[in-house]
Amino acid sequence: MVESITAILTSIGFPSPEAFIGLLFMVLAIIGAIIVVITFRPLMEYYPYTYPNARIRARIGSLFNSKQISEITETDSSEEMKNYLRGSKEYAKYIDKFNMEKALDTNLAETSDLLARVTPKTVKPVFEVMLKEWDIKNIKSVLIAKEAKLNEEETMDFLVPYGELKDIQDKLLDANNVQELIIALENTPYAKILEDALPDYNEKGTLLSLEAALDNYYYKELLTKSSSQEDDNTRMLHNYIGTKVDITNLKIILRAKADGLKYEEIHNYAISAGYQLREWKLKELMEAEDLNSVLSSIEGTVYGKIVSEHIPEFNQTNSIAPFEKALDQHERKVADNIFKKKPFGIGPIVGYLNKKEIEIKNLKVISRSKRVSGIPTSEIKDMLL
C-alpha cells in the first residue's frame, strides 16, 4: 500500500511522500491565512473606532429628542428656555457663563474639539480641520466687532474659547484694523488669506470679501483632507463633507439670485471647489439669468429632485427658505444613511455630528424667536429642522 502511494506521488513529480506532505501543509497554511485575513479584516477596520464610538454613543443619548425640543419651543420666554437648558448636563455649564448664542456655539465647539482628539488617525485630519471653523468664526467676529466699533468686553461676548487661536485671542482683540489683525495672525494660515483678500476688501469696502476668503480656505481644506480613499469609512466621510460643501454653495447662489445678483457679484463668495457640483456647473448656476433659471439648472444635478419638490411652495411664498430647509434635510439623510451603513465605523461619528449641529441650529432659532414677542409657537416649529 505504502509502495503504491509512493509510486503515485513519484509519477506526478514528487520525489518523496515527505515532499508531498510539506506542500500540503504549505497549501493549508496559505488557505488558513486567507481565511484569517477575510475574517479579521473587517475587525481590523473597525477596531480603531471602538473607543471613539463608545464616547460618541454616550453623547448621542444626551441629545434632545423631538418631545424635548417641542417643550423648549413652547417655553414662554428666553429666561424660561434658559431654565430648561440648565437641566441639561450638556448646556448647564455654559448657560450662566455666556450669553445664549455663545453658550450654544461653545457647546458645539466642545463637540468639535472632542472629535478632533478621539477620532482614528485615518480620519483625524478632517476633524482637526473642522475645529478650525471656530478660529474662522472668531476672526469674523473680531472683524465685525471692529467695524461696529465694539469695545473688547463687547467683542469677547462673540468669541468662542476653542480652536487653535484660543490662546492669542487677546492679540486679536488688540488689533484696531484689518492690517493689525493680519499682523496678530502672523505664523498662521489666516494671515496670508486675509492679506490676499485685502485688495478686494479695499475696493468694495465690505467684510464679505474677507469672510468669503476664510470660508473658501476652510471648505477646500475639508475636501482635501477628506479625499482619502483608504476604505469605506473614509469614502463615506468624504461623501458627507462633499455634500456639505455643495449645499453651502447652493445656498449662497440661491440667496444671491434671490437678491438679483450677477455672476461678477457672486463668484468671489462661492466655494470654488465642489463635490457633485463641479466648477463648470457652479459657474453655470452663477451665470443663470435669474432664480428660476438657477432652479432649472439644478434639476440636472443630484440635488434636482430635492429642490424641484419645493418649487410650488416657493411660487406661493417667494421665499427660498423651503429650498434651504430641504437641502439641510438632505444633508441629514446622508448622515443617517452613513450611520446605518457603518454602525461600527464612521457612522456614529458622522451621525452624532450632524444631529448635534441640527440641535444647535434649532436651539438658536428658538432662542432668537423668544427675543421677539408675538411669534406663534406653530411658526417657530415650522422653522425647525
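The model is predicted, so local features need pLDDT of at least 70 and side-chain atom pairs count only at pLDDT 80 or more, while totals for chains, interfaces and linings use all residues. Residues are numbered from 1 along each chain as its sequence is written, and side-chain values use heavy atoms, with hydrogens and water left out.

Let's begin with confidence. The average pLDDT (the predictor's confidence in each residue, from 0 to 100) is 90 for the chain, and 88% of the residues reach at least 70. Residues 36–40 stay under 50, and the model gives them 1 contact beyond four places in sequence, a contact being heavy atoms within 4.5 Å. Where pLDDT is low, the predicted coordinates should not be read in detail.

On a 1 Å grid over the protein atoms alone, a cavity is a set of points where a 1.4 Å probe fits but cannot get out, and a pocket is an open set with protein on both sides within 12 Å along at least five of seven lines; lining residues have an atom within 4 Å of a point. The whole structure holds 1 cavity of 30 Å³ or more. The largest cavity has a volume of about 50 Å³, and its lining includes Asp-328, Arg-332 and Glu-357. Two or more lining residues come from each of α20 (321–341) and α21 (347–370), with α21 giving the most, 4 residues.

Helix α21 turns up again in the second largest pocket, where its 4 residues are the largest share of the lining. This pocket holds about 340 Å³ of space, and Phe-64 and Asn-362 are among the residues nearest its centre.

Note on methods. Grid points are joined across faces, edges and corners, and a volume is the space filled by probe spheres set on the points.
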